[in-house]
Amino acid sequence: MALVHLGVDDESIGRRSIDVANAVKGIDLIIDGHSHTVMDGGQKVNDTLIVSTGSYLENVGTIVINESSKEAVAKLMSAADYKTSIGKYDESLVNMVAADKTEVDTYYAGLFAKSEVSLNGEREPGVRTEETNLGDFASDAFLYAGRKYAEEQKLGINVDVAISNGGGIRASIPAGDISLNTLYTVFPYGNTVELVTVTGAQLLEILEASTFCTPTALGGFPQIAGAEYTINTAVEYKNGSQYPNSTYYAPAAPGSRVTITSVGGKAFDPKANYTVVVNSFQAEGGDTYYALTQGSFKQNTGIVDADALIQYVNSMKGVIGKEYAKPQGRITMVSKPSAMPEVKPEKEVVEKPVAEPETKAPVANAPEAAPEKAPTQIFSDVYKVAKGDSLWKIAKNLMGDGNQWRTIYEYNREQIKDPAKIYIGQELVIKK
């Protein structure tokens, strides 16, 4: 049996639970999550049964295995039905769990620190689309924890940059008192802090790949500390090679859309080595961060990401100050079309007078000049969303490239509030 958090969405091709079942023999049962898919009865892939209950405890999943035949039967029951028809609890166990829960809740809810400002952890607009003050704070915490670890462990390296992917930041921090619970809500996944050494060229690739659709929201959007960069959203992102086991692509021309203006207050050098602090999800190549897996040095600090926030707040004597009242200008967004190359005038040529050609009689039945070619037309269709569709899947089927989902989204912005949420029967305009 395998307990995984992979999902079955097309956007995760190569890393889905069904890909694991196709590639690995001997797994009888996979209990899945991530895509919040409701699988009543499960899904059989080869000899593996994959089950998923959906989300928010709406369903209880049961799997009954026949000992003699080894056959597994999966079934879902709504949480409401379970509570009324089956749910019975041992009172002594209920009391034990309640007591432990009270103790833990009291500890994590206790006053830990305070913030003089509200820190923005919203998705869009927010940490997935632009620099925010919480993005700055989280990245500063990573940089602080990474430098402290390198010093304590006597690694003999300079820790230069920290990147916190916007998708890893899950909640805002309101002004006022802060509990430990608050910081674990910001970073709830329990990722650890890692150090990775990359070249300047690899760092540029990471930033360009992770902003490929900016200003459209992306979980990989890089909040940063220790460096500054500029994104020109008017420049089209052109795909290079596709990252292994990923739906994302390397930039065909790194530096065409993103410019790193400085690292540690010094000019950026694409040939230099920079040590970057990231979370373990990024270090493993998650989202758009494949280039991190190609680094020359890698060290997992063992520090949980939320604990890095706690360390950093403690270093500030428990007060997040007004220096974080607004974003600090580390990421600049511009929208300037690429300048056309300068065309230098040719040298003036003095032409010699040429005698007029002899006039000839018109040729009978001379063919008429060919008509000018009609301009290319852009055709549009209306597509009705079906069960199981996503923008990526629709783009793949109708346009031949799943990454064209952004084009569909742009044409239908008025009716698509969140590109990750489309509904059955929704009519979308597809431009071809």
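This is a predicted model: local features need pLDDT of at least 70, side-chain atom pairs count only at pLDDT 80 or more; totals for chains, interfaces and linings use all residues.

**Exercise 1. Find the helix that holds L93, and decide whether L93 is buried, partly exposed or exposed.**

Step 1: L93 sits in helix α3, residues 91-109. Helices (H or I, at least four residues) and strands (E, at least two) are DSSP runs, numbered from the N terminus.

Step 2: Residues are numbered from 1 along each chain as its sequence is written, and side-chain values use heavy atoms, leaving out hydrogens and water.

Step 3: Buried means under 20% relative accessible area, exposed over 50%, and partly exposed in between (1.4 Å probe, protein chains only). L93 has 48% relative accessibility, so it counts as partly exposed.

Step 4: Together with M96 and V97, L93 makes a nonpolar surface patch with about 300 Å² of accessible area. Patches take residues with over 30% relative accessible area and no salt bridge, joining like charges within 9 Å and nonpolar side chains (Val, Leu, Ile, Met, Phe, Trp, Tyr) within 5 Å. A salt bridge is a side-chain nitrogen of Lys or Arg within 4 Å of a carboxyl oxygen of Asp or Glu. The areas come from the Shrake-Rupley method with a 1.4 Å probe, and for residues only the protein chains shown count as cover.

**Exercise 2. Check the length of helix α5, then ask how many of its residues are buried.**

Step 1: The expected span of a helix is 1.5 Å times one less than its number of residues.

Step 2: α5 covers residues 133-152, so its 20 residues should span 28 Å; the end C-alpha atoms are 28 Å apart, which agrees.

Step 3: Of the 20 residues of α5, 15 are buried, so this helix is largely enclosed by the rest of the structure.

**Exercise 3. Which residues does V277 touch?**

Step 1: Locate V277 in strand β16, residues 273-279. Its relative accessibility is 0%, so V277 counts as buried.

Step 2: Apply the contact rule, heavy atoms within 4.5 Å. Leaving aside residues up to four places away in sequence, V277 touches F142, L143, G146, V159, V161, A162, I163, V193, E194 and L195.

Step 3: Now look along the chain: V277 and A141 are 136 residues apart, yet their C-alpha atoms are separated by 9.9 Å.

**Exercise 4. Work out the strand order of the open four-stranded sheet, and name its edge strands.**

Step 1: Two strands pair if DSSP finds at least two bridges between them.

Step 2: The order is β1-β2-β4-β3, with mixed pairing. At the edges are β1 (2-3) and β3 (43-45), each pairing on one side only.

Step 3: β3 pairs with β4 (residues 48-51) in the antiparallel sense over three bridges. V45 stands opposite T48 of β4.

**Exercise 5. How many bridges join β5 to β6?**

Step 1: Seven bridges join β5 (residues 59-65) to β6 (residues 72-78), and the two run antiparallel.
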